[in-house]
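Colleague: I am new to this model. Please show me how to read it.

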Amino acid sequence: MRETIIDKNLSASSKSRKSDYDVLEIFVRVNTLNTRLSRSDLIFSMLKLNWKESATYLPEFVREINENNSFELNNDFVIRCLFAVSNLGTKFDIDLLRKKKNVTKLRNNFDQCCDAIRSVVDFIQTHCWCANSGILGGPNTLVPFVYYLFHTKNHQVPNDQISRVRKALYLFGFAKPFSRYGDSRIWAFIRDELKPLVEDNDETFPLENTFRWITFWEKIRSYEDLLQSNHVLTLHLIQGLTGAAFKYEGNAPEIDHIFPRSVLREKGFELPYINHFANFWILAKTKNRNKSSQHPATYFADVDEAEMEAALIEKEYLDYRRYTTFLEHRSQCIIQGVQKKLGFSGDEFKKESS
């Protein structure tokens, strides 16, 4: 490792000595050539240098927003939201913070951005029955909604937009388009869909165009494609689970194959049939480990009828000879259940393909 001492021969009072900003500039240049820290770490370092209060404001807000839920939001998320609402894009671009006016924008928008994030978390827990960003495809899914609520009256979803916003959130949650190419995709949606509406003082959420974007990005053509893209979210919604953390480890939810994977492989079924969302349900960790590869008819023999009904599992189909029928029947029940719960008509993807 090569070592360089800065200002070695200069006195402490010398005006030629490097400032904190100069030192950080060197640090940034070295790390962007051979990255050892994430870009968000470098962004945070730049922020702290130019806006000293952010060193405490951001961590304090992150601790607050994660209380009593499982969203697990972090500095990266808050900074990305702050960039978005300040119209600086959603990419961690260090060069943007070299301009004092941009840092001023971030500082001036911080309080309202935090309120918008709080409101998004409240909305998701209250109106979307969810307490976990992970099952929604990750925190990036929330960024467009923070931008939207940053610009609505009192940072709240208007009454006539609650259903549209909930549907859009689940569309992004199922399709997970921001889990990849997040820097470009998030800003593309904000820039092309949300920003023009803000400029027109229109608080309508662009639900119809949300369908177009996920169809374009993820090649989703049907509700079956959509639910398969995030079977974890599908099962949570159908089984009425929020994704909140469990206190007892044995009750931690695990995704379980209703028809055991090993047996289906032995019987010649291919992976798309084995890992179809209709062959999954959520089961407590301890129960799942004890289930092993039991025949589904044996395992479900003593499962309460109400639990079976809630999970849309019908005992008459728990027969390997009827496995394809089981998949077809349960997948249709799940699709219809999701459509009913979220208020979809069922022909939205047909409209997009026409």
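Colleague: Which residues line the largest cavity?

Modeller: The general idea is simple. Rolling a probe the size of a water molecule over the atoms shows where empty space is left. In this structure, the lining of the largest cavity is made by C128, W129, C130, I135, Y170, L233, H236, L237, G240, L241 and K341. Here a cavity is a set of points, on a 1 Å grid over the protein atoms alone, where a 1.4 Å probe fits but cannot get out; lining residues have an atom within 4 Å of a point.

Colleague: What should I know about the source?

Modeller: The model is predicted: local features need pLDDT of at least 70 and side-chain atom pairs 80 or more, while totals for chains, interfaces and linings use all residues. Numbering starts from 1 along each chain as its sequence is written, and side-chain values use heavy atoms, without hydrogens or water.

Colleague: How much space lies in the largest cavity, and which helix gives the most to its lining?

Modeller: The space is about 60 Å³. A volume is what probe spheres fill when set on the points, which are joined across faces, edges and corners. Helix 11, residues 231-239, gives the most to this lining, with 3 residues. Helices (H or I, at least four residues) and strands (E, at least two) are DSSP runs, numbered from the N terminus.

Colleague: How many nonpolar residues does that lining have?

Modeller: The largest cavity has 8 nonpolar, 2 polar and 1 charged residues around it. Ala, Val, Leu, Ile, Met, Phe, Trp, Tyr, Cys and Pro count as nonpolar; Asp, Glu, Lys and Arg as charged; the others, including Gly, as polar.

Colleague: How many cavities of 30 Å³ or more are there?

Modeller: There are 2. The second largest cavity holds about 50 Å³. V120, F123, I124, F145, L149, V165 and L169 line it. Helix 5 (100-127), helix 6 (143-150) and helix 7 (162-175) each give two or more residues to that lining. Helix 5 has the largest share, 3 residues. By class, the lining splits into 7 nonpolar, no polar and no charged residues.

Colleague: Is helix 6 mostly covered or uncovered?

Modeller: Helix 6 is mostly covered, with 8 of its 8 residues buried. Buried means under 20% relative accessible area, exposed over 50%, partly exposed in between (1.4 Å probe, protein chains only). Among the buried residues of helix 6 are F145, Y148 and L149. The helix's buried residues pack against helix 4 (75-85), helix 5, helix 7 and helix 8 (182-199); a contact means heavy atoms within 4.5 Å. Across the protein chain of 354 residues, 47% count as buried. That chain has 18 helices and 2 strands.

Colleague: Now the open space. How much lies in the largest pocket?

Modeller: A pocket is an open set of grid points, with protein on both sides within 12 Å along at least five of seven lines. The largest pocket has about 380 Å³ of space. It is lined by 16 residues, and W281, I282, L283, A284 and E307 are the closest to its centre. Strand 2 (280-284) and helix 16 (305-310) each supply at least two lining residues. Strand 2 gives the most, with 4 residues. The pocket lining divides into 11 nonpolar, 2 polar and 3 charged residues.

Colleague: How do I read two rings together?

Modeller: A pair of aromatic rings is described by the distance of the centres and the angle of the planes. Rings of Phe, Tyr and Trp (its six-membered ring) pair if their centres lie within 6.5 Å; planes under 30 degrees apart are stacked, over 60 edge-to-face, the rest tilted. This structure holds 25 aromatic pairs. F211 and F344 are one of them: edge-to-face, 5.8 Å centre to centre, 85° between the planes. They lie 133 residues apart, with F211 in helix 9 (residues 207-218) and F344 in the loop between helix 17 (323-342) and helix 18 (348-353). Both F211 and F344 are buried.

Colleague: Why is the pair of F259 and Y320 edge-to-face?

Modeller: Because the planes of F259 and Y320 stand at 80°, with ring centres 5.2 Å apart. This pair joins parts of the chain 61 residues apart. F259 and Y320 are buried too. Ring pairs also link F145, Y148, F172, F178, F189, F205, W213 and W217 into a cluster.

Colleague: Last, what is there to see in phi?

Modeller: Most residues other than glycine have a negative phi, and most peptide bonds are trans. N87 is not a glycine, yet its phi is positive, about 60°. N87 sits in the loop between helix 4 and helix 5. Its relative accessibility is 36%, so N87 counts as partly exposed. L312 also has a positive phi, near 60°. L312 is in the loop between helix 16 and helix 17.
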